[in-house]
Amino acid sequence: MAVVAAAGLLGSAQAQGWQPTQPVELVVPAGTGGGADQMARLIQKLVADHRLMPQPVQVSNKAGNSGVEGLLYMKAAQGDPHKLVITLSNLFTAPLAAGADVGWRDLTPVQLLAQDQFVLWVHAQAPQRNAAEMLAALRSAPPGSLKLGGTGSRQEDQLISVLLETAAATRIAYVPLKGGGDVAKALAAREVDLTVNNPIEAEALWRQGVLRPLCVFDGKPLAQRVPVAGTQSWADLPTCMSAGMPVQYLMMRGIFAAPGLTPAQRAYYDGVLDRLRALPEWQAFMARGAFSATVMKGAEFEAWLDRTERFHRVLMREARFKAPAVPVAAPAMPTASAPKK
């Protein structure tokens with residue numbers, strides 16, 4: 001019986017094929033406390049709690065140059081199967097803004113986990129009670145007098161601020177901060193007048209009665225009806241478009257590996273993510289953060305990436321955020337194992 005059991009275990013191990021043999025570094029090309037960082041740390045916890053991999057995940061924040069640091073770090077990790085990156089839409093915007101020679105084709109796409117929403121937020125004590133009042137305030141205030149806090153420069157938050165400027169025919173003072181967590185804190189401290197935080201970044205402050213969401217930058221209302229603050233749920237938020245702000249934008253949340261991975265290595269991580277997404281803790285996180293659980297992989301994901309990249313090229317050009325292409329040296333790869341966070 002022991003021989004049969006051992007044979008079964010061996011067969012199972014062989015069927016699994018490639019597995020990581022050292023800790024897997026999960027790079028976050030953004031600051032701590034933001035949506036990507038929160039998702040990465042949840043992945044780290046779920047992998048450990050449910051033993052989804054034989055090796056632990058170590059989260060590493062590389063937010064320099066609006067995330068270009070992390071993307072170049074991954075590009076330089078050619079053939080290293082122990083490095084992953086959780087991508088947001090700065091995969092498209094940051095290289096264009098910095099003129100850096102890196103893009104999604106320089107990585108190995110694994111899986112689109114979800115799309116993240118953008119919500120227009122004000123302080124709970126702000127006079128604006130809804131999106132229409134905020135639009136009126138933007139139009140009546142002296143140009144540049146209202147401050148919008150956002151993550152980084154020439155990225156998604158600032159793109160939305162430019163679109164809001166167009167809708168209100170005014171100028172907004174954009175205040176770049178390190179990450180989504182810092183943005184929410186700045187609004188809570190009333191250092192800025194409005195933000196476009198992702199739901200998960202400001203949900204706790206809404207629940208505490210510190211911040212107030214006004215509308216969502218999507219073409220349709222959110223689906224999550226579980227109360228968050230009092231009796232209000234994400235589904236109670238109107239679209240910003242319905243209030244006269246013709247702005248619709250969603251954020252990518254995906255996992256990429258270093259370039260040059262084998263099909264077996266890519267398939268291994270794809271399988272891990274499939275099991276992770278089925279967990280109740282992941283489902284609860286998706287609901288709490290009002291994510292659009294859009295999942296893609298393989299050729300479908302790559303076709304979507306190609307379309308989304310072209311869309312961002314147009315946005316960045318029209319916003320005049322696109323820099324001339326200037327070669328940016330990739331950082332040297334460490335000789336030791338993945339850094340510990």
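Predicted model: local features only at pLDDT ≥ 70, side-chain atom pairs only at ≥ 80, totals over all residues.
## Nonpolar cores

The largest nonpolar core comprises 92 residues. Within this core, I43, L120 and M134 have the most contacts. Helix α2, which spans residues 35-49, gives the most to the core, with seven residues.

## The cavity

The structure holds one cavity of 30 Å³ or more. The volume of the largest cavity is about 90 Å³. Its lining is formed by V24, L26, I43, V47, M53, V57, L84, I255, Y269, V272 and L273. I43, listed here in the lining, is also one of the residues with the most contacts inside the largest nonpolar core.

The largest share, three residues, comes from α9.

## Helix α5 and M134

Helix α5 covers residues 131-140, and its buried residues are A131, M134, L135, A137 and L138. Seen down the axis of α5, these buried residues fall within an arc of 160°, so they line one face of the helix. In an α-helix there are 3.6 residues a turn, so residues three or four places apart point the same way.

The buried residues of α5 pack against strand β5 (119-123), helix α6 (156-168), strand β8 (194-195) and strand β9 (211-216). M134, one of the buried residues of α5, touches L120, V122, Q128, L146, L194, L214 and M245, not counting residues up to four places away in sequence.

## Helix α10

Helix α10 is formed by residues 280-288, and its buried residues are W282, F285 and M286. These cover an arc of only 100° around the axis, which puts them on the same side of α10.

The packing partners of the buried residues of α10 are α2, β4 (108-116), α8 (199-207) and α9. After α10 comes A290, whose phi is positive, near 55°.

Definitions and conventions. Residues numbered from 1 in each chain as written. Heavy atoms only, no water. Core = buried A, V, L, I, M, F, W, Y, C linked by side-chain atoms within 4.5 Å. Buried < 20%, exposed > 50% of the residue type's maximum accessible area, 1.4 Å probe, protein only. Helix = DSSP H or I, 4+ residues; strand = E, 2+ residues; numbered from the N terminus. Contact = heavy atoms within 4.5 Å. 1 Å grid on protein atoms, 1.4 Å probe; cavity = no way out; pocket = protein on both sides within 12 Å on 5 of 7 lines; lining within 4 Å. Points joined across faces, edges and corners; volume = space filled by probe spheres on them. Arc of directions from axis to C-beta.
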